[in-house]
Amino acid sequence: MSTTKNIPAQKAGESSVSSQNLLEVENLEVHFPIRQGIVFQRQVGAVRAVDGISFGVKPGESLGLVGESGCGKSTTGRAVTRLLEPTGGTVRFDGEDITHKKVASMRTARQNLQMIFQDPYSSLNPRHTVGTIIETPMKLNGINPEGGHKRRAQELLEIVGLNPEHYNRYPNEFSGGQRQRIGIARALALKPKLIVADEPVSALDVSIQAQVVNLLQDLQREFGLAFLFIAHDLAVVRHFSERVAVMYLGKIVEIADRETLYSRPQHPYTHALLSAVPEVDPDGASNRERIRLTGDVPSPINPPSGCRFRTRCWKAQDICASQEPPLVQLIGSADGHQAACHFPEVKQVVAAEVTPPAPASAE
Ligand SMILES: Nc1ncnc2c1ncn2[C@@H]1O[C@H](COP(=O)(O)OP(=O)(O)OP(=O)(O)O)[C@@H](O)[C@H]1O
């Protein structure tokens with residue numbers, strides 16, 4: 001029997017969306033049309049990359065968005081920052097509905113909502129100096145800092161742990177970690193309130209990842225920045241984000257504060273993901289049963305009926321194929337802990353201790 005609380009008026013993710021949020025996303029959809037035909041380019045289907053998700057991010061908070069490759073994390077990040085046009089739903093930032101705003105008419109939101117990209121090699125223009133890269137957003141947005149653009153760019157280089165003397169150098173003169181710092185300096189140039197960080201460390205060497213995560217954490221504390229932190233690595237998200245949302249095939253299947261999610265996950269998919277996180281146990285013993293998911297993630301063009309995870313779920317029953325489980329708070333669960341499952345997990349798992357990355361100096 002399903003243990004979901006009977007909250008009829010509650011929409012998916014509703015309790016995560018409140019008026020105190022800096023970013024509010026409701027029923028967001030991004031469908032990429034599939035066209036056929038040389039002349040008429042008829043639409044014959046759609047990739048339902050993001051298919052009705054809701055969440056909120058409060059000022060100064062970091063919300064982690066995790067899930068396997070292809071589940072729609074990057075598309076969510078791009079739709080939120082308006083690099084992509086949403087197909088449905090709403091995106092509100094700082095009280096303003098920016099869902100379908102033209103870039104030119106959302107200057108304030110653009111300044112306050114910045115993005116850091118995964119690939120520090122392709123996200124910086126190789127023909128521009130570091131100084132130009134950092135100054136350009138300020139100039140485009142008519143920001144004239146005290147002391148001039150150059151001084152501010154050099155200050156920003158220092159803030160992200162780079163040598164201000166490197167102002168005239170080109171991206172190819174920097175390592176991956178240093179380039180990611182340049183991308184972070186560029187994002188900070190407009191003094192944003194929220195940064196969407198799309199896999200900001202996954203392209204970096206493991207030894208460098210901790211340095212960049214620590215830098216982002218310092219910046220979050222110092223400037224009160226909010227983050228939507230997209231990653232497939234649950235250990236990194238646990239270290240960085242106070243709340244975590246788990247995505248599967250275009251849907252959020254579970255959302256909770258990090259302690260709850262990592263110690264008492266309710267969705268079988270979250271369980272499976274967590275079971276793959278290596279434990280650091282003083283005895284060297286593993287308390288966690290490894291769950292191996294079988295089969296591939298189904299196609300987002302034609303997702304399974306009902307619960308999308310049912311084709312890989314060891315608990316699936318008939319109802320899972322006929323009824324989509326709503327994302328709701330379950331009986332006895334912590335406030336704000338929501339899961340979309342007809343047969344949620346109840347047992348507590350021994351949470352993996354993830355050692356915080358050691359403080360490290362810039363490369
Ligand atoms: N422009 C596009 N046109 C068609 N399909 C797309 C487009 N961009 C993304 N997709 C598809 O949408 C789905 C979600 O992709 P997305 O990149 O958001 O996933 P992700 O969770 O960020 O994965 P990854 O970590 O591998 O980047 C995938 O099936 C992807 O192939």
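Axes here are lines fitted to C-alpha atoms, for helices over the stretch in contact, and angles run from 0 to 180 degrees between N-to-C directions. Keep that in mind for the helix pairs on this tour. The model is predicted.

**Stop 1: colour by confidence**

Colour the protein by pLDDT. The mean is 85, and 87% of the residues reach 70 or more. Now select residues 1-17. Their pLDDT is below 50, and the stretch has 38 contacts in the model beyond near neighbours in sequence. Then select residues 348-363. Here too the pLDDT is below 50, with 37 contacts beyond near neighbours in sequence. Where pLDDT is low, predicted coordinates should not be read in detail. For the model as a whole, ipTM is 0.97 and pTM is 0.86.

**Stop 2: α5 and α6**

Select α5 and helix α6, residues 206-223. Their axes come within 10 Å and cross at roughly 15°. Angles under 35 degrees count as roughly parallel, and α5 and α6 are therefore roughly parallel to each other. The crossing of α5 with α6 is right-handed.

Show the side chains at this contact. From α5, pick Gly-176, Gly-177, Gln-180, Arg-181, Ile-184 and Leu-188. From α6, pick Ile-208, Gln-211, Val-212, Leu-215 and Leu-219. By class, the contact of α5 with α6 has 6 nonpolar, 4 polar and 1 charged residues.

**Stop 3: α3 and α5**

Which residues of α3 meet α5? Select Val-130, Ile-133, Ile-134 and Pro-137. Their partners in α5 are Ile-182, Ala-185 and Arg-186. The contact of α3 with α5 comprises 6 nonpolar residues, no polar ones and 1 charged.

**Stop 4: the ligand**

Centre the view on the ligand. There are 13 residues around the ligand, and Phe-32, Ala-49, Ser-69, Ser-74 and Thr-75 come nearest. Next, highlight β2 (42-57) and α1 (73-80), the elements that give two or more residues to this shell.

Which element gives the largest share of the shell? Click on α1: 3 residues of the shell come from this helix.

Finish by colouring the shell by class. Around the ligand, 5 residues are nonpolar, 7 are polar and 1 is charged.

How values were computed: Residues are numbered from 1 along each chain as its sequence is written. This is a predicted model: local features need pLDDT of at least 70, side-chain atom pairs count only at pLDDT 80 or more; totals for chains, interfaces and linings use all residues. Two residues are in contact if their C-beta atoms, placed from the backbone, lie within 7 Å. Helices (H or I, at least four residues) and strands (E, at least two) are DSSP runs, numbered from the N terminus. Ala, Val, Leu, Ile, Met, Phe, Trp, Tyr, Cys and Pro count as nonpolar, Asp, Glu, Lys and Arg as charged, and the others, Gly among them, as polar. pLDDT is the predictor's confidence in each residue, from 0 to 100. A residue is near a molecule or strand if its C-beta atom, placed from the backbone, lies within 6 Å of it. Angles under 35 degrees count as roughly parallel, over 145 as roughly antiparallel, 65 to 115 as roughly perpendicular and the rest as oblique. A crossing is left-handed if the near helix is turned anticlockwise from the far one by less than a right angle, and right-handed if clockwise.
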